[in-house]
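I opened this model to look up a few local features. My notes follow in the order I took them.

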Amino acid sequence: MPSLLLAVVLVATVAVEPPEIDDPRILLVEQQLARDHQAALDATRQWLESDPEEAQRLGVDFLRGHLCEVASDREAAFDAFAATLTHAPPLAPWARFRLGEAQLEDGSPEVAAGLLATLLVQDPPRELALPATRLLRQALATGGDCRLLGGLLAKRWKSDVGRQLAVAAADCSATAEEASALLERLLADETRDEVAILAAERLATLPPATKSPRTHRLMGLAFYRHRSFEPAIEHLARTLALGGELSRDDRFELRYSLARSHFWQERFSQAAAAFGALAGEAPGRRAQARALYQRGRSLELADAWPAALEAFAATTRVDPSGSWGDNARLSRIRLHWLRGEEKQALDLFQTLRRRRAARPLSGASLFLASSDLVIGRHDRAAEWLDIAAGLRQADSVVIGYWRGRLAELQTQPSIAVDHYAEVMSRDPYHPLALAARRRLSQPALAPARRAAGRRHLAAGSIGDLWTATLLLDSEARDEATRRLRRRLLADPAIAPWLRLENRPPASWPLWRDDLAQPDELFAALGLWHEGAAAVRRHFPISQPDLAYTGSSLLRRAGATHRSLLIAEILTRRAPRELPRAWLPEGLQRLLYPFPYSYLILSEAGEHQIDPYLLAAIIREESRFDPRAFSGASARGLTQFILPTARAVASDLALGALDSEDLERPETAIALGAAYLGQLYAGASGLIPQAIAGYNAGPPQAALWRRYCFTGEPAEYITKVGFRETNAYVIKVLRSRMHYLELNAPRPEAASAETDDVGTEVP
């Protein structure tokens, strides 16, 4: 009977096995994955000779051009891309783009401009339109024929492409008046996008006679919104001085932007005076409260705390039941507390509590609790932590950590250990989880920690065993790790995630599909950068092994930000019971990639900073997209705004920078490393303060340091007052720990175990 059953199973298996695929592209992909580019190039030539019609239809000429570029054979690459134009029409736009790019690099802007203009006039694919437009603008600026713009400007383009072309037209204008009219029209339509700052910078170079009060206003707003504050101040002040037809609301907003520009230039006393004058002429109580609150912030940063308290108090009088009033109450609580005026602070806290102002109340509760606990006082903190825990805005890891500190002070080691264990098991890479681990290493907590670890080990669930590995020492920890590994591998929902590996090309379902779209043709040739869009369709998230393979392919192709997105979506689909620290190392490396590693290591060494901190900042700032552009006009891998970049570049002898220089990885990483080095030195070695300074500016980061009673990183992180910056600091520190674990030597590596299919398990 067993043999009959086995025979049935074998027959069924044979019946469902897919037929073997005979596709020459599989070999080409395998050769490229093995980095044997010469063999792949030879194979393309052989295929083009043996079956030219089929090879050309499938785009093999384009692959040949790419491989010739890899081999630095530029002439052969040109010939191959030119052949693509004729023999593979679906891929012709990409071939034309590559030819234009290569001609521009080779110093032939007139040829490049002709190629790119032809591409654009033929309605190129969406993903090529904007890059081709930007490249055309560069070609025209360096010698291309401006007459090519005539036909393009007459077409109906989407706004981003049309606006880029209008900038090129302004650069080509015969007179300053003509250029000014074009650029002003661009700013009148939009002052926040990438083109707006290009238009404002060009207008600034034109003669004063070409600028009206309206022009100065648009320029001032564009510079302000792109955080270029010195020229913003110049043009906003000129707008107000020239007068013109401005409504009361418009005049207020212009003066507010002018005051904020002084604020961001760290002229806090000047900003405070401007906000004070503005409050007296505000067009309504809410606008008045906004100006008063910003006056208080300016005075606080100028270390004029008594005057800041008066400004915040005025804010609450003007806006007693609004968000400006509540934020001012939080600011007053902190200042009164730091000045030793506890009664005033606690009265204001009760007002926030009655108003149920969630975000300020959460910040105030954690500020008060952590302030007491770091100086050893524990009689009031429990109530404040309970209040914070009842608010959705609160971070449960932060609250759990401070509950552990409270239990320590109350001489309740078992409760302290339980809180710390919960924090570590929930989010082991959170900076306060790492602080909890350090607390648990204290001899005073060792007996309770071991007892809790044994209790979790005895309970035996996946969650308990995971917690036991975090609490136990040496042999007991090894036993917990072995038992957890067995439990995870025995779970049919979890085990496949521990065994994730890249599927070999011959097994990809891709080959069984009808590949007709350009991105599919590129993917089938192993050109994953151009074929990135096909990954989401042919390597779907619903099949984790395929999605993992697709993410790996994109990373190899340099499309790191696309690879990272797939890896993150894939990870969110993993079973909740699987501790994230137990994800396969390959997936973790996709989640925390390290492209540009040579540049990062070199620049970090030059500026004496941790390279993994720099990598973590790049990951969180840009997701490793060198063309990243934020709503605040920050660009590139390290997300610099141009004024900050120029200030840092002056110390590095990088020469004059323009905004597009920030998209060059070598420039962005050099700037990021130098700036991070400055922030680290200014923070006296407190890493969370340096990170906060990168996001919110050094003065604000230093102010949060003055809120602290100790040098503990946990206290500083808790008291970072901006929600965005607090989340940013935690994300960067979490990423840094992943990079350290994946790239630095690990003592536990020697004891790593291997399951029966060769998958390394932590």
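**Entry 1: S362**

I started with S362, which sits in helix α22. The model is a predicted one, and I read every value with that in mind. Is S362 buried or exposed? Its relative accessibility is 7%, so I noted S362 as buried. Next I listed its contacts, leaving out residues up to four places away in sequence. S362 touches L391, Q393 and A394.

**Entry 2: cysteines**

I searched the whole structure for disulfides and got one. The disulfide joins C146 to C172, with an S to S distance of 1.9 Å. C146 is in the loop between α9 (126-141) and α10 (149-153), and C172 is in the loop between α11 (159-171) and α12 (176-189), so the pair ties together parts 26 residues apart in sequence. I then checked the handedness. The angle about the S-S bond is -70 degrees, and the link of C146 and C172 is left-handed.

How accessible are the two partners? C146 has 31% relative accessibility and counts as partly exposed. C172 has 24% and also counts as partly exposed. I looked up two further cysteines. C68 is at 0% relative accessibility, so I wrote it down as buried. C708 is at 13%, and that counts as buried as well.

**Entry 3: salt bridges**

Side chains of opposite charge can pair when their charged atoms come close. How many salt bridges are there by the rule used? The count comes to 53. I picked out a few.

D326 pairs with R329, and their closest N and O atoms are 2.9 Å apart. Both residues lie in helix α20 (residues 323-338). They are three residues apart, about one turn of the helix. Buried means under 20% relative accessible area. D326 has 5%, so it is buried. R329 has 7%, so it is buried too.

E342 and R380 meet in another salt bridge, at 2.9 Å from N to O. E342 lies in helix α21 (residues 342-355) and R380 in the loop between α22 (358-374) and α23 (381-389), so this pair ties together parts 38 residues apart in sequence. E342 is partly exposed, with a relative accessible area of 29%. R380 counts as buried at 16% relative accessibility.

D661 and R664 form a salt bridge at 3.8 Å, N to O. D661 counts as buried at 17% relative accessibility. R664 counts as partly exposed at 39%.

I also found a network of salt bridges. Which residues does the network link? They are R134, R137, E194, R627, R635, E660 and E663.

**Entry 4: helix α36**

I went through helix α36, residues 597-607, for burial. Its buried residues are I600, E603 and A604. Seen down the axis of α36, they fall within an arc of 100 degrees, so they line one face of the helix. On the other side of α36, I noted Y598, G605 and E606 as exposed.

What do the buried residues of α36 pack against? The partners are α37 (611-622) and α39 (665-682). I also looked just past the helix. There, Q608 takes a positive phi of about 55 degrees.

**Entry 5: positive phi at two aspartates**

I kept on with backbone angles. D123 has a positive phi of about 55 degrees, although it is not a glycine. D123 is in the loop between α8 (109-121) and α9. Its relative accessible area is 55%, so D123 is exposed.

D303 went down next. Its phi is near 65 degrees, a positive value in a residue other than glycine. Where is D303 found? It is in the loop between α18 (285-301) and α19 (305-318). D303 counts as partly exposed, at 49% relative accessibility.

Notes
Residues are numbered from 1 along each chain as its sequence is written. This is a predicted model: local features need pLDDT of at least 70, side-chain atom pairs count only at pLDDT 80 or more; totals for chains, interfaces and linings use all residues. Side-chain values use heavy atoms; hydrogens and water are left out. Buried means under 20% relative accessible area, exposed over 50%, partly exposed in between (1.4 Å probe, protein chains only). Helices (H or I, at least four residues) and strands (E, at least two) are DSSP runs, numbered from the N terminus. The arc is that of the directions from the helix axis to the C-beta atoms. Contact means heavy atoms within 4.5 Å. A disulfide is a pair of cysteine sulfur atoms within 2.5 Å. A salt bridge is a side-chain nitrogen of Lys or Arg within 4 Å of a carboxyl oxygen of Asp or Glu.
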